[in-house]
Amino acid sequence: MTQKAGKTALVTGASRGIGAAIARRLAADGVLVAVHYGQRKSDAEETVAAIERAGGQAFPIRADLTDDDALDTLFSELEAGLAGRPLNILVNNAAVYADPDDPAAMQSDGYVAGISEITPAEFDRIFAVNVRGAFFVTQRSLPLLGDGGRIINISSAVTRIAWPLLPYAMSKGALDIMGPRLANELGQRGITVNTIAPGITDGTEANTWLHDMPGAVEGVSAMTALRRLGRPSDIADVVALLASDEARWVTGQLVDASGGMALA
Ligand code: NDP
């Protein structure tokens, strides 16, 4: 997949977790990566530094995806960073599970509470980042996206597997719908749109509970056909595959990247 050398990418939510792994993986393939983040400047700078230490190219861009003015800044800084080059790859990865500042929205395992505990503000925040943010980042990327570009949305296996994350799962369901519709709309420009559904991925802040709860690692691993937890690099490699020229004939698809979680 070396033909990505010289291409460009915007990865939202790339300061940490899966997004950081995606940014590092694309940069390792020779892609110039815009490392987007929301609040954690030092984490984003560390992602950029890790890419540069490995010989890659990246630059950080801050924007709260719930703030339309911040989106203006995001795209003016992106255009400056691309310096006249088209955008080749957009990865809509940024998301929230719950508002960490709202104790009522969180359970002791870190996950979103059940329907009775969700506040309207919490529901709105999840949709503002996960759905509205991804939608308008995509819309604003279109003029920059070169023909033959790639849009990859990070959804979740929770749209298929019941898990106590209802508003979050609903928000990811919206991305699952967006994929094939956009693929149809953008296909005439040779732009592919695909959606990846990771399973439970270790090494992310959302899943530190796995290591605090006795038996959780073993229990969740046993839910997968491959009998282990996912790693951020497992998801990043699927992004690299879908972003490659080899995947040019794959569009509008929902690609499960869960190690075969809860297979029938
Ligand atoms: P993290 O919670 O580790 O990171 C989230 C990223 O999104 C951060 O970079 C964060 O920026 C950014 N972000 C959050 N809110 C905003 C906002 N309002 N504006 C701008 N940026 C924002 O995510 P994960 O690595 O756990 O997950 C990555 C993706 O994978 C998500 O789409 C998630 O839904 C999906 N996924 C994850 C799974 C898992 O097991 N972890 C399983 C299935 C799907 P900052 O650091 O600056 O706050």
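The model is predicted, so local features need a pLDDT of at least 70 and side-chain atom pairs count only at pLDDT 80 or more, while totals for chains, interfaces and linings use all residues. Residues are numbered from 1 along each chain as its sequence is written, and side-chain values use heavy atoms, with hydrogens and water left out.

Start with the ligand. It is surrounded by 31 residues, the closest being Ser 15, Arg 16, Gln 39, Tyr 97 and Tyr 168; a residue counts here if one of its heavy atoms lies within 4 Å of the molecule. Sorted by class, the shell holds 14 nonpolar, 13 polar and four charged residues. In this scheme Ala, Val, Leu, Ile, Met, Phe, Trp, Tyr, Cys and Pro are nonpolar, Asp, Glu, Lys and Arg are charged, and the others, Gly among them, are polar. Helix H1 (17-28), strand E2 (32-37) and helix H5 each put at least two residues into the shell. Helices (H or I, at least four residues) and strands (E, at least two) are DSSP runs, numbered from the N terminus.

The side chain of Tyr 97 places an N or O atom 2.6 Å from a ligand oxygen. On its own the ligand exposes 910 Å², and the protein buries 95% of that (Shrake-Rupley method, 1.4 Å probe; for residues, only the protein chains shown count as cover).

Thr 201 turns up again next to Thr 204: its backbone oxygen lies 2.8 Å from a polar side-chain atom of Thr 204. Thr 204 belongs to the loop between strand E6 (192-198) and helix H6 (209-212). At a relative accessible area of 11%, Thr 204 is buried (buried is under 20%, exposed over 50%, partly exposed in between; 1.4 Å probe, protein chains only). Setting aside neighbours within four places in sequence, Thr 204 is in contact with Gly 17, Ile 18 and Pro 232, contact meaning heavy atoms within 4.5 Å.

Back in helix H5 (residues 166-186) is Tyr 168, buried at 5% relative accessible area. Beyond four places in sequence, Tyr 168 touches Val 96, Tyr 97, Ile 126, Asn 130, Ser 156 and Val 158. Met 170 is also in helix H5, but is partly exposed at 41%. With neighbours within four places left out, Met 170 is in contact with Phe 123 and Phe 127.

Those two phenylalanines bring up the aromatic pairs. Rings of Phe, Tyr and Trp (its six-membered ring) pair if their centres lie within 6.5 Å; planes under 30 degrees apart are stacked, over 60 edge-to-face, and the rest tilted. By this rule there are three aromatic pairs. Phe 123 and Phe 127 have ring centres 4.7 Å apart and planes at 10 degrees, so they are stacked. Both lie in helix H4 (residues 120-141), four residues apart, about one turn of the helix. Phe 123 is partly exposed at 29%, as is Phe 127 at 23%. Phe 135 and Phe 136 have centres 4.9 Å apart and planes at 75 degrees, so that pair is edge-to-face.

Definitions and conventions:
A polar contact is a pair of N or O atoms within 3.5 Å; within protein, one must be able to donate a hydrogen and the other to accept it, and residues adjacent in sequence count only if both atoms are side-chain atoms.
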